Amino acid sequence: MLKLIPEVKTLQIGEGTLTKKAVCFNGTLADGRLTKALKALPTANDGAELTVEVGNEGEGYELWIEENAIRIKAQGPAGAFYAIQTLRQIFCHDTVPCLYIKDCPDFAYRGFYHDVTRGKVPNLTSMKWLIDQMAYFKMNSLQLYVEHVFEFEETKDLIQKTGYLTKEDLRELDAYCKENFIEFVPSLSTFGHLFELLNQEKYAHLRVLKDYKGHPNRWFDRMAHHTIDPLQPESIEVIKSLIDQYAPNFETNLFNICCDETFDLTQAYKGTEHDPAKLYVDFVKQIIAHLKSKGKQVMMWADILLKHPETIAEIPEDTYFLNWHYSSNPPEQDIIRFAEMGRKQIVCPGTSIWNRFCEQTAEAEKNISLMAEYGYKHGAVGVLNTNWGDFGHTCSLELSMYGMVLGAAKSWTVATQTGDAFDALMDFQCYHHEGAMATLREVSELNDGIYYSGLCVNYFRLAKLVDEPLSTTLVKSIGEIQERYIALRDRLSDEVWEKDEFRKEMLLAAEAVCVSAELAHVHWPDAEPIERVTDTASWLAKYRASWMARNKESELPRIEAFFDACEKL
């Protein structure tokens, strides 16, 4: 049985096998990207003769494998690229059967949305690794969540402290995406979530909540109360400036303006002469008008409009609404609403990595599966799978891959089912290690035993920086967490995987959970004494090494300072 992700639409296995698992291609291709993609296949002069027929446009393809010949017939260059990815995956098997495949995606838009603002600013090597994974699993759009981590003139005094993406970085990534048939779409906060911008003295007067004093917990603080005031004429000029600096670094004509979670408008203006819903839609329309004047087509998050559905009709017809929900039981009615209005929507599930050291596999698979199925049922344009980094983005990119690949699988073939069979596909095509998914689920369940965000919140309470009651942090007993961690540690420490970065990250995440759990326990009032099985300083040193191999320093010193402070409570 072939193990392919995504599942192909038609697969007919014939008699016989490919004589030699290599290709010989002597033709020429008009699209140089395909010539480069073919280099990922094993080649030999006596390999199977490969012929490639490419039409003008389309993502569908047909693939024939005979004992001494392979033929690809694709609707367009993208289809040929995806046929090559399928062939790469087939070549991972010990033997290659003679076969016929006919395949095409269920969704035109198949995207991944990666947060680079709330913790980790990835280096180019890390981003190219992500793009390679996306291409292999046939995704065609990438967005990075950005608030301030770019060389904006308005935040130039801050970015040296946090790490940032340069114009050169973005243009290099744009070109790399294009090589892999991925559209690199700019995404920029332009209304809410402007924490760093509005925390500066020179822009504080533009914050909707004029008297907001901030919160000692920076990770919590950045999530709230940083909406720009649409009644200030200067506000739209600042937003235009940010857009004008950012947009030229991308070839696409799409632009995601975000505009989510602007709840401060209601808090500030409810009961006044200003209607918060009207303030919202009028400001959004100004942002859209500016982008349309530059030939751009707009995407935006749909959450605020769903709270004020009477305003949806005011948004230009060609706008893409990004309809997000992250629970295991997302509301189908939200998707139905846009479908009934005949508006373009992209459904946006999530990988469930936020506030964690390891993705929440059970939550992610239910959420991603249902959102994709609802989107397909109600005519959505596509799927944009989100990978948020709340509370410092402590989870590694490697431990976001199950959610990412499941999103890729469901957006190509929506009928894909999760469970043991899909786990086996992940082991084979993603992790290259039998039992990797079982281990990932163990680490995920271990992480379920503690609320990391609760540990962060309780530190500020125990340190008497805020006067608030403690919240529950440990869901499982400290003894159970330690026992499970030790079992994982002892097993994983003795193993070596083909793609060993996944094993190392699972081991490091398990240790992080146990460190956090032990700190949460020992500082809880009247807690029973325990013998610790981890050392915070030792774990932090390994965590730093892992972080810096893939990312700029960004929020790492803040995470280190937090754990050091927890030790000293």
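Modeller: The buried residues of helix α17 pack against α7 (218-221), α19 and α21 (556-568), where contact means heavy atoms within 4.5 Å, and buried means under 20% relative accessible area, with exposed over 50% and partly exposed in between (1.4 Å probe, protein chains only). Helices here are DSSP runs of H or I with at least four residues and strands are runs of E with at least two, numbered from the N terminus. This is a predicted model, in which local features need pLDDT of at least 70 and side-chain atom pairs count only at pLDDT 80 or more, while totals for chains, interfaces and linings use all residues. Residues are numbered from 1 along each chain as its sequence is written, and side-chain values use heavy atoms, with hydrogens and water left out.

Helix α17 spans residues 452-462, and nine of its 11 residues are buried; among them are Tyr452, Leu455, Cys456, Tyr459, Phe460 and Arg461. Just after α17, Lys464 adopts a positive phi of about 60 degrees. A positive phi also occurs at His225, near 65 degrees, in the loop between α7 and α8 (233-246); with a relative accessibility of 18%, His225 counts as buried.

Helix α16 (residues 436-447) has 12 residues and reaches 17 Å from its first C-alpha to its last, close to the 16 Å expected at 1.5 Å a residue, the expected span being 1.5 Å times one less than the number of residues. Nine of those 12 residues are buried, so α16 is largely enclosed by the rest of the structure. The buried set includes Ala436, Met437, Leu440, Arg441 and Val443, and the buried residues of α16 pack against α13 (361-377), α14 (401-412), α15, α18 (478-493) and α19 (500-522).

The side chain of Asp427 reaches the backbone nitrogen of Met437 at 2.8 Å, and, leaving aside neighbours within four places in sequence, Asp427 is in contact with His432, His433, Glu434, Gly435, Ala436 and Met437. Asp427 is buried yet has no salt bridge, and the nearest side chain of opposite charge, Lys3, is 7.6 Å away. A salt bridge is a side-chain nitrogen of Lys or Arg within 4 Å of a carboxyl oxygen of Asp or Glu; for charge, Lys and Arg count as positive and Asp and Glu as negative, with His and the chain ends not counted.

Strand β13 (residues 345-348) directs Gln345 and Val347 one way and Ile346 and Cys348 the other, and all are buried. Strand β12 (residues 320-324) pairs with β13 in the parallel sense over four bridges, with Leu322 having Ile346 as its bridge partner; two strands pair if DSSP finds at least two bridges between them. In the loop between β13 and α13, Ser352 has a positive phi near 60 degrees, and Ser352 is buried, with a relative accessible area of 5%.

Elsewhere, an open sheet of six strands has the order β1-β6-β4-β5-β3-β2, with mixed pairing. Strands β1 (10-17) and β2 (23-24) stand at the edges with a single partner strand each, so one side of each is left without a neighbour in the sheet. Within this sheet, β4 (residues 61-65) and β5 (residues 69-74) run antiparallel and are joined by five bridges, with Lys73 in β5 as the bridge partner of Glu62. In the segment before β1 lies Pro6, and a cis peptide bond joins Ile5 and Pro6, with omega about -5 degrees.

How values were computed. A polar contact is a pair of N or O atoms within 3.5 Å; within protein, one must be able to donate a hydrogen and the other to accept it, and residues adjacent in sequence count only if both atoms are side-chain atoms.
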